[in-house]
Structures are given as C-alpha cells and as structure tokens.
Amino acid sequence: MASGDRKSPEQTNQALSPPTPIVQENGTPTKRVLITSLLAGVIGGGTGLVSKHRIAHPNIPTVYAANFAIVAGCYCGARESVRITRRSEHDDLMNSAIGGLFSGALLGRLQGGPKGAIRYSLVFAAVGTAFDYATLKGKPMLESYRNMESFKLPEWSPIKVLDEEALAKKKAQEEKIFPERVLGKLNKE
C-alpha cells in the first residue's frame, strides 16, 4: 500500500460530524448514582430505626443503610452504564430493565450462587423498571404541585391562611398581649 492511498481528514472534503454527547445537561452519571445511593442509605437507616429487630441487634440501622446503599448504587450504576453505552435518554425504560438484569445477576451471584443470580436479575429488572416507570409517571404530577401559585386548604381544616389585613390585625393583637404576659410573669416572681 502506498502512502498516497490513505486519506487524512484534512484531504477529504466531507465535514466530520460532532460526536453524540454522552452526558446530558441535567447532571453527570456519577452525581445521579451518588445522590441515589445516599438517599437509599438514608431510607435504609430509617427502615432500620423502625425495625422490630433493632432491640435485639442495635447495629441493624447501619446494616440496613449499608445494604440499601449498595443495592441502589449497583442498580443505578448499571442503569447509567447501560444508558451511556446505548446513548439513550434518561427516561428510556429499557435502560432500567437491562441495568436491573446486570446488577441483579452480580448481586445474586455474590449472595446466592448461579441460581441466585437468575432470581435476583429477574427481580431487580422487574422492580427497578416498575420503580422507574412510577417515577416517570409521577414526575408531572409533582411538577404541577410545585408550580402551583397557592395551595388551598379544605374548608374544614383548622389551619387558616390569613390575608394581609387579618395578619396585621393578629400582629397588633399579639403586640398588645405580649407586654401583659411579660409583666404578668414579672409580677409573679
């Protein structure tokens, strides 16, 4: 082969297309895995604190927190690795299913051998995909609550939202009562 047969990028007239971005704007994969793992650890610790086994085993909250964080970190890490490899969006449920299969197989193999790997991979794929589906469906509902300008309480609620006039009236009444309370306490001493 002669050196003139090869064409370098400078010699071609075709423009090179930019590579597909791996990381989207709403956070790095490491950040998403870390935040999810920390949140799972807190949930696991809370579960351990309310567990009935905590009396017999005082370190059970720590064990639960560590286990929840390990499982969430493994699942989310596998899901993000699949997403990056497939170059897909965050809301693609196939990432969850494949990530659940991989993370379940890994943790199941460590915990229960080859049969455990099969069981865990199926359970992780099903539960992880169901959880991600629920969060995708619930996200618009949470966004609508966050974007509400005011939250109206039902009529029967004992909590009343005061307008500016009622708030000023209440503040004047409290300023009137406050010196009486302080003087009343001083007179008793």
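This is a predicted model: local features need pLDDT of at least 70, side-chain atom pairs count only at pLDDT 80 or more; totals for chains, interfaces and linings use all residues.

Colleague: Is Leu39 buried or exposed?

Modeller: You read that from the relative accessibility, and the cut-off for exposed is over 50%. Leu39 has 51%, so it counts as exposed.

Colleague: Next, the rings. How many aromatic pairs does a search of the whole structure find?

Modeller: The search turns up 1 aromatic pair. The partners are Tyr120 and Phe124, and because their ring centres are 6.3 Å apart with the planes at 20°, the pair is stacked.

Colleague: What are the two things to look at in a pair like that?

Modeller: A pair of aromatic rings is described by how far apart the centres are and by the angle of the planes. For the angle, under 30 degrees counts as stacked, and the planes of Tyr120 and Phe124 are at 20°.

Colleague: How about helix length? What span should helix H2 have, and what is the distance between its end C-alpha atoms?

Modeller: The idea is to take 1.5 Å a residue and compare that with the ends. Helix H2 covers residues 60-86, which is 27 residues, so it should span 39 Å; the end C-alpha atoms are 39 Å apart, which agrees.

Colleague: What comes after H2, and what is its phi?

Modeller: H2 is followed by Arg87, with a positive phi near 55°. Arg87 has that positive value although it is not a glycine. You'll find Arg87 in the loop between H2 and H3, and its 47% relative accessibility makes it partly exposed.

Colleague: Now the charged side chains. How many salt bridges are there?

Modeller: The count comes to 4 salt bridges. To spot one, look for a side-chain nitrogen of Lys or Arg within 4 Å of a carboxyl oxygen of Asp or Glu. One of them joins Arg79 and Asp132, with N to O at 3.1 Å. Arg79 is in helix H2 and Asp132 in helix H3, so this pair ties together parts 53 residues apart in sequence.

Colleague: Are Arg79 and Asp132 buried or exposed?

Modeller: Arg79 counts as buried, at 16% relative accessibility. Asp132 counts as buried too, at 9%.

Colleague: Which residue does Arg83 form a salt bridge with?

Modeller: Its partner is Glu80, and the closest N and O atoms are 3.0 Å apart. Because Arg83 and Glu80 are 3 residues apart in helix H2, about one helical turn separates them. Arg83 is buried at 2% relative accessibility, and Glu80 is buried at 6%.

Colleague: What about Asp92 and Arg86: how do their side chains meet?

Modeller: They meet in a salt bridge, with 2.8 Å from N to O. Here Asp92 is partly exposed at 24% relative accessible area, and Arg86 is partly exposed at 39%.

Key. Residues are numbered from 1 along each chain as its sequence is written. Side-chain values use heavy atoms; hydrogens and water are left out. Buried means under 20% relative accessible area, exposed over 50%, partly exposed in between (1.4 Å probe, protein chains only). Rings of Phe, Tyr and Trp (its six-membered ring) pair if their centres lie within 6.5 Å; planes under 30 degrees apart count as stacked, over 60 as edge-to-face and the rest as tilted. Helices (H or I, at least four residues) and strands (E, at least two) are DSSP runs, numbered from the N terminus. The expected span of a helix is 1.5 Å times one less than its number of residues.
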